[in-house]
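Please keep the model open while you read.

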Amino acid sequence: MPGIRTVGRPMNIKEKWYLFEIAKGMMVSIRHLVSNIFHQDRMPTLQYPEEKRVLPERFRGRHRLTKREDGTPKCVACYCCQTACPADCISIEAGERPDAGEKVAVRFDINILRCVFCGLCVEACPVDAIRMDTGKYELSSDSRKKLIYDIDTLLND
Amino acid sequence: MAKFTLNGVEREVPDGINLIEAALLSKVRIPHYCYHPGLSPEGNCRMCVVEIEGIPKLQTACTTLVADGMVVETESEKVIQERTEVMEFLLRNHPIDCPICDQAGECGLQKYYMEHGLHDSRVAVEEKILKRKRVDLGPLVVLDSERCILCSRCVRFCDEVAGVRELVLANRGGRSEITTFPGRTLENPYSGNVVDICPVGALTSKDFRFKVRVWFLKTADSICPGCERGCNIYLEQYQNEVQRIRPRANPDVNRWWICDDGRLDYKWINRDRLLRAEGEAGTHPPERADEEAARMLKEASSVLLVASPRSSNENLFALKRFRDAALPRAALVGGSFRKPWEEDRILKRPDRNPNRKGMELLGLSGDLEGALRTGPECVLVVENDLLGDRPELADLLRGKKLIALASNRDATAEAAALRIPVCTYAETEGSWTNFEGRTQAFRPVLKAVGESRPVFRVLEGIARALEASLAWSDFETLRAETFQAAPALGGLARTSGGGAHAL
Amino acid sequence: MIAETILLKARMGNTDSHTLASARAAGAYRASAKTLAAAPEEIVQLVKDSGLRGRGGAGFPTGLKWTFLPKNRDATYLCVNADESEPGTFKDRLILEEDPHLLIEGIVIACRAIRCAHAYLYIRGEFCLPHERIRAAADEAYAAGLLGPNAGGPGQAIDLTIHRGAGAYICGEETALLNSIEGKKGQPRMKPPFPTNVGLFGKPTVINNVETLANLPFIVEKGPDAYRAIGTEKSPGTRLMSVSGHVERPGVYEVAHGVPMRGLIEDLAGGVRGGRKLKALIPGGSSTPVLTAEEAYAVNVDFESVQAAGSMLGSGGCIVMDETTDMVWALDKLAHFYAHESCGQCTPCREGSGWIAEIVRKIATGKGTRADLEKLESLAAQIVGNTICVFSDALAMPVVSHVTKFRAEFEAHLADRASSSSAAP
Amino acid sequence: MLFDLLLPVLFALVAAFLPLMFVPLLVWGERKAAAFIQDRTGPNRAEVLGIRLGGLVHPFADVVKLLGKEDWTPERVNRFYYNLGPFLALFISMLPFAIVPLADSLSVGGRIIEMRAVTLNVGILFVLAITSFHVYAIVLGGWGANNTYTLIGGMRSAAQMVSYELAMGLSLIGVLMISQTLDLGAIVRQQGGLLFGFLPRWNVFLQPLGFLLFLIALFAETNRNPFDLPEGESEIIGFHVEYSSMRFAFYFMGEYIAMVAGSAVIATLYFGGWQVPWLGTETLRANALLAARVLLVLIAVFGVLAAVLFRSYGRRLRILYRDRRSREAKVLGAASIFVAVLALLALAFLSGIRPLGAQILVAAVQFLFLVAKILAFGFLFIWVRWTLPRFRYDQVMGLGWKSLVPLGLLNIAVTGLVLLGID
């Protein structure tokens, strides 16, 4: 065919016949089939909701917001995470903290549908207010709204 | 002119300026905190030290006037070391609260730490001196004493520019603090400027506090629409809403300042906007609105067009051309009844219309009430809140078909039979001519809100529906035509330059 | 065996030496009367010839300072710096309390010399008795016409305003003093312009120390040669030395310039208290570098000799410390004084003084580390010469001298001294 | 008379429902085999009262799902042809079953009962004719959907099927030359007996090349991998992209039924159809009692074996699930034991078989062998699909025209020469 260059090693006669190669391939697949029938327990598949993989200790999972000792959010609404976020999934609204004249997030939404779990928000946080250490990875839901986590959800994870 | 040597290169600069300004003319930036071109030099921050040949001690550039034959080094090892040391002192008691500080992103300490500091801290956080945080200084300004580096710019601003002694440096040494005199508040009509000139986050604006991080803001050069002074400003937006106004240095007009009224004169841009054309039969898409307006104008036996001293020169000119091309029999008057405010000796001018002079120079003025008394059947009001500014006009307007080209739901727009949304000055290009005859351009910062269009585009649309030929390929064509037709406007003014300091 | 040379203290010692009558009886205002006939330039020349050097601390030639005044000036002010706040110095107080008319006579002479019609006397706020005395003396002088509308000759007024300070050490700095008189916060001004060009209320101003002015009557009366006959060539005249600390007889001693320091301490002040050994000496007020015993015994009481030893004669406040003194503790006291008194204008001084004081306290209380000691030295180096006035130097120099000359003592205080091999308490 | 009327209806129903019953089985087999080949477990979640049968419930769940899906018709289509396509695909695929003999004929009361719906002496031609019709289903689907992509897809598939029909026809001629008949029943009967004394006399041994060509052509005809170009939805849009819900399912059922029918035809033509290897109909009938006993013993043994397996499986289930699903193994184990016990009881009480009973038993055994052969080919289809990559279109055409057709001709020539030589 013009314009198309075939790259690769030339096939020998046996290979060109194709039938033997087919037979070889068929043997491979039947080997898997048979061995899997008799050793189902060796299959890597887990029976998911009932069986769960043991997660590595440092598996991150989805975000949470940490609290101060008095239970208020540690977040100071510096927007560093929002700035660092490559997926643009964090949106914050700052408010005045009544006590020490500092800022606090009054709204902190993570749109988990956009999140790419890169962890840059955690890196960016100067006050250790956001962490990805819940280990929660079961994030499905039946509505988009429920997948925009608000500050209360994130604080209580 | 004085010849001096700056970092080994001979320069010639005007006499009588200090070394910071002299260096800036050669694009050499000398870092500084306490120096501000609009204020008297004080020399207390010690950041602007330079090495001058023949003087053993380092000298502050802000207090040293350039002299013939001076040999100045701004980047010598000694100078750089001294800057680093000064940075260490400045940061010694500075709290580590950049995350909650509104200044973060445009902070002098951050900027110069990155450029001249970068030392490892030798201070434990608990050793820092604690001072008052969140001190309410006045209606517009909040002070965080801990963040203050005591450069005294704000004190000098109040003394020298605003002419009021409202702020003072109290106490001595490490316990020094900016404060108001007992029982006084910072309430002069220019108080917002102290926020701009504060090189750190000590003084923050109550209006802007915590709203947006500054690095999210997009900025455009604009002109304050508040009065006929035409102060140069920066309009700053986030998520297509104007978030704040900052003065833009222009030594010929407003120097470095802007009044508080001008500073807060942006909320109407975000609020109560007319989003779609609305007639008596409901909302219209833009083309339909133009056709509707054309129908009303065509059907009327007599038409009055009302121009506004708040419109840009270009829009005013477009209106004139519209009259000539599409409605040659229509009357065209300009005017506004916006109540004047009190003039002061600093910036504020009594007339609150930014383009009164431009309107007059374009030959648009006249007796609006008289024109209304002649009984036009249809009145087209362009960017002019006649009823809001002067409710008594309601009687004269009664029974007349009113078409309003308005950006907001003001009284006139509400009373109109057809209201077509147009862009504010924050969304379009244009120019205003201030009371001195200086024509200054403003640039858009927002995307057009809703279905609003620039006034001249709406006029084009109506003209098209009236089957009149009126079209400009782009704004620049219109502007060129405007300045050609009205040479009195003098074209766009250039700033005489100088002193446009970032910090 | 040295003795006092009495020039200034001549009339002192009587219970009523501060009154006009007593002073006049002892010859006061003879010199000022002499100047009535002299042209101002002549007086200036006279003072120049005498080689009189300022007693405020820097030792700047007084006559020379006067000549810095611009030739054409509409008004000139004389400010008398009586804000004697330097720890260890109390000589001006003696003059103000014991012989205020000596000062007033000096003021009158100076005013005539610089054509000043209005002199300001800025007196330290805590000086209650001195204030009372000078005030009374001024009233007497006014009553006697020695001050007032015609004090400088017919139609030539010499007024004296006594301005009481509010207790800030920094107001002893001449430009801060000017600000204070003007009613502003007592913060030093940028120099240039120097006060001789732009001073009090924007006018050319001369600022002189009390002791300096007190020297003028003698010079005018006896002539510059008689003055030069006393003291050394570069430091003529006598010096009021305030000796305090661990000596048997603390007090103000008037000695001719050039006498050995050992003589001042041992002969006049009675030697170190309790027969103990001298450990350290601050020769010129708290802001001058400290001298070790050997250095102190080797110097003479004059500007050059002390300077050669690495210190300054300053305001003549001799603080004697015996062998029982803890030098860290001594520096702690000093550092806290300076941290307390920094005006807070310039960054290095404002932040540095407090920081230094903190570190010294840390070391003094045994919590300091070797890093703190190094920090102390580097901070002292960082603030020297980098401020508007010399306050920061006044702090940094004692710090540096204390730490370098008594390093072993500082190291002994460190919390981590065990880790150091050189530390030998 | 009634019997004469009922019998064809009965066989027609069998011919219609037998392939339909294969569909879920094959779908299940497809998914399960694919999973195992790829080291996965495959479907196993759907359940009825906790019974999952290793995923066999899934095909029924799929049907429910497909029925529940939105049946969407594109705009501006010819509804008649649009709807005709999937229907044809399903219907035509079933037809070959009408002529496939399911077992040897019975003789009841002197009447010979052929075990197939239609006794046709031109059976092979019928098969070829009917499979050709399949092209219409596809072209109609592609054209009827009023979409250029589906039209192209349909045309592509049509070209493929037409090309391979030729090869298919050519490859069959060898069989016809040997058997000298077009009647499938006769062809199957000819395949009884032995070859060289030990091999069943199956056409596959006489016509190996012909079988291979027929097999390849069959893959292409049924649009199975590696010839499943019509199906490559994401890569090259097929003819059925505009179909949804059950109509889409019809096409797929059509494919599976065509697979089953193809398997039946290939088993009939090349693998002796209902023939039990080494055991002729007469032999079986003569030893019916022994056969029945062996059968019952086998059932009992398998029942017990299954029960043992379910027990160990049950242990795993109990650990995994704490709900009703863990009872499945118990239920199935009990059922196995029950079957085994039944078989043993039957064995105990079985003392003799009457001739008619023997005939029916043998027919049943033969039918089972046919089913086993069909399933074996079904599995081959699946196995190939999950092993081989798809051909490119030019390769499809090249293979069909440049390899299969010449080889088919060669096969005819060789067969002819051999036959000539034997004569």
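1. The C-alpha centres of domain 1 and domain 2 of chain C are 27 Å apart. Chain C is assigned domain 1 (20–228), domain 2 (238–322) and domain 3 (327–423), with bounds taken from an automatic or database domain assignment. Please bear in mind that this is a predicted model, in which local features need pLDDT of at least 70 and side-chain atom pairs count only at pLDDT 80 or more, while totals for chains, interfaces and linings use all residues. Residues are numbered from 1 along each chain as its sequence is written, chains are lettered from A in the order in which they are written, and side-chain values use heavy atoms, leaving out hydrogens and water.

2. Domain 1 of chain C and domain 2 of chain C bury about 1300 Å² between them, with 55% of it on carbon and sulfur atoms. Buried area here is the accessible area (1.4 Å probe) that two parts lose on being put together, summed over both. On the domain 1 side, C:R53, C:R55 and C:F90 lose the most area to domain 2 of chain C, together 32% of what that side buries.

3. Where is the charged pairing in chain C? The side chains of C:R53 and C:E304 meet in a salt bridge at 2.6 Å, N to O; the term means a side-chain nitrogen of Lys or Arg within 4 Å of a carboxyl oxygen of Asp or Glu. The rule finds 1 salt bridge across this interface.

4. As for secondary structure, α5 (91–98) and α9 (210–228) of chain C each supply at least two residues of the domain 1 side that touches domain 2 of chain C. Of the elements there, α5(C) gives the most, with 3 residues. Helices are DSSP runs (H or I, at least four residues), numbered from the N terminus.

5. Turning to chain D, the assignment gives domain 1 (2–275 + 354–422) and domain 2 (290–349). Their centres, taken over C-alpha atoms, are separated by 33 Å. The contact (heavy atoms within 4.5 Å) takes 9 residues from domain 1 of chain D and 10 residues from domain 2 of chain D.

6. The two domains of chain D bury about 890 Å² between them, 52% of it on carbon and sulfur atoms. D:I51, D:R52 and D:L361 supply 45% of the area that domain 1 of chain D buries against domain 2 of chain D, more than any other three residues. D:R52 also has a salt-bridge partner: its side chain meets that of D:E328 at 3.3 Å, N to O.
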